[in-house]
Amino acid sequence: MAMRDDQEGDVGPEEVLDGLDPEFLDGHSVEELSDYLDSGRSPRNPDIENSPGCLIALDALGRLRSATWAMLEAEAAEDRGRDDKWIKNVMDNISREARAGRDIPITSVDPEVRLTVTEGSVRGLIRAAGDGVGGAIVGRVRLDGDVTVPGEPISIDVTASGVFGRNLLELAREMRAVIGASLREHTELNVTSIDVTIQDVHTQRTASTEVPR
Amino acid sequence: MDARSPLSDASDGILASRAADGDPAAFEALMRRYGPMLRAYAVKVLGSNDEADDVVQESFINAWNHVAELADVTVVRSWLMRLVSNKAIERLRRRKYHRDIADWDAPGPARNTPERQVEASMQMRALSDALGRLPAEQRECWVLKEVGGLAYADIAEELDLPVSTVRGLLSRARRALLKDMEEWR
């Protein structure tokens, strides 16, 4: 104990980090400090926060953590130049039918022939129409009502992102108009309402978010 | 899809919602956004580039199948990390099984190709090398905990190790890395 008292006040990073000995950490273990860091140093532990040794170790643990993420980001950035083969592999192996949704009947000239389009394809139609409005990116699309019965009232609910700087009210209005026109042209749905909720604002980047800052 | 598709401007939440609705283009945009980072993570856990590719691809196929069940579409990144962690752990378990029955040699730490190393800063490389020098189990535990955000108990359960062993492995990994890091300064 007397020895520790002698060293208090002039404990340096080398001593603390060389052995990470609880002796220099005022009785705390590195593991405990790592858990404390994980918790965002909250609730505040004055015993740790007032220990010079602990603060040195916490600082080092924090630097190790940021260095780790920086390393992964750097390696990810180098990796972006790689070919797209892996993306194609995945795209070839996913099932698009899984999201087809309900079957929506359409009138056939031959009463013996039953024609349908999938809910998924109507969602695709809505996305294409909405995305066509400058500055808009469609998000989720819902068709509320029984689309499997001809003539049933259907309400359309769409979330979207608007580009920064655009009048969002006007954007939503334009989207509603083009979506309505597209549905009238390509489907027989009895659309009673179209709600567009702008839930996000995005910026137009020259490159994607993938490029690290 | 071009890397500069307008979709690349969209938030994770918008892309995940569209993917849940069945839009392959939005899913592809998510793959471009997070694939490289997830691969770098998998390489660190597994210490192997080839297996990391498989793990990331399998994880994305899994993601497509389950994205509609994702309750909060704004946490896509951590959800994807978790999917990759799970797939990587499957590999580690299989490897461990082989190691037990045949004293199988685990692949050595992944080495970056020379052209990749040019871009990486000295410190990143030093950390990467330090990680590569750790015994496999220490590296696996440390990366799963620090990057994957897994809890001690989860790592212990997934790797069939006592929690005390996981704590010990993590503690040794941490000491070794902290010590190495001090030498870069």
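## Chat on a two-chain model

Biologist: Start with A:Arg41. How exposed is that residue?
Modeller: A:Arg41 is partly exposed, because 14 other C-beta atoms lie within 10 Å. Exposed would need 12 or fewer, and buried 20 or more. Keep in mind that this is a predicted model.

Biologist: Where does A:Arg41 sit?
Modeller: In chain A, in the loop between helix 3 and helix 4.

Biologist: What about the phi of A:Arg41?
Modeller: A:Arg41 has a positive phi, about 55°, and the residue is not a glycine. Most residues other than glycine have a negative phi.

Biologist: Which residues does the cis peptide bond join?
Modeller: The cis bond links A:Ser42 to A:Pro43, with omega at about -5°. A:Pro43 lies in the loop between helix 3 (30-38) and helix 4 (46-49) of chain A. Most peptide bonds are trans.

Biologist: Over to chain B. What is the phi of B:Asp160?
Modeller: Positive, at about 55°, and B:Asp160 is no glycine either. The loop that holds B:Asp160 runs between helix 8 (152-158) and helix 9 (163-184) of chain B.

Biologist: Is B:Asp160 buried or exposed?
Modeller: Exposed. B:Asp160 has 11 other C-beta atoms within 10 Å, and the limit for exposed is 12 or fewer.

Biologist: Now the chain contact. How many residues of each chain are in it?
Modeller: 49 residues of chain B touch 49 residues of chain A. On the chain B side, the elements that give two or more residues include helix 1 (12-20), helix 3 (49-66) and helix 6 (122-133).

Biologist: Which element gives the largest share of the chain B side?
Modeller: Helix 2 of chain B, with 10 residues. By class, the chain B side that touches chain A has 21 nonpolar, 18 charged and 10 polar residues.

Biologist: And the largest nonpolar core. Which residues touch the most other members?
Modeller: A:Ala57, B:Leu30, B:Tyr41, B:Ala42 and B:Val84, out of 98 residues in that core. Helix 2 of chain B supplies the largest share of the core, 14 residues.

Biologist: What does B:Tyr41 touch?
Modeller: Leaving out residues up to four places away in sequence, B:Tyr41 touches A:Leu72, B:Met81, B:Val84 and B:Val147.

Biologist: One more. Why does A:Ile104 count as buried?
Modeller: Because A:Ile104 has 22 C-beta neighbours inside 10 Å, and buried takes 20 or more. A:Ile104 belongs to strand 1 (residues 103-106) of chain A.

Biologist: What does A:Ile104 touch?
Modeller: Not counting residues up to four places away in sequence, its contacts include A:Val117, A:Val122, A:Val147 and A:Thr187. From A:Ile104 to A:Leu17, 87 residues away in sequence, the C-alpha to C-alpha distance is 67 Å.

Key:
Residues numbered from 1 in each chain as written. Chains lettered and ligands numbered in written order. Predicted model: local features only at pLDDT ≥ 70, side-chain atom pairs only at ≥ 80, totals over all residues. Helix = DSSP H or I, 4+ residues; strand = E, 2+ residues; numbered from the N terminus. Contact = placed C-beta atoms within 7 Å. Core = buried A, V, L, I, M, F, W, Y, C linked by C-beta atoms within 7 Å. Nonpolar A, V, L, I, M, F, W, Y, C, P; charged D, E, K, R; others polar.
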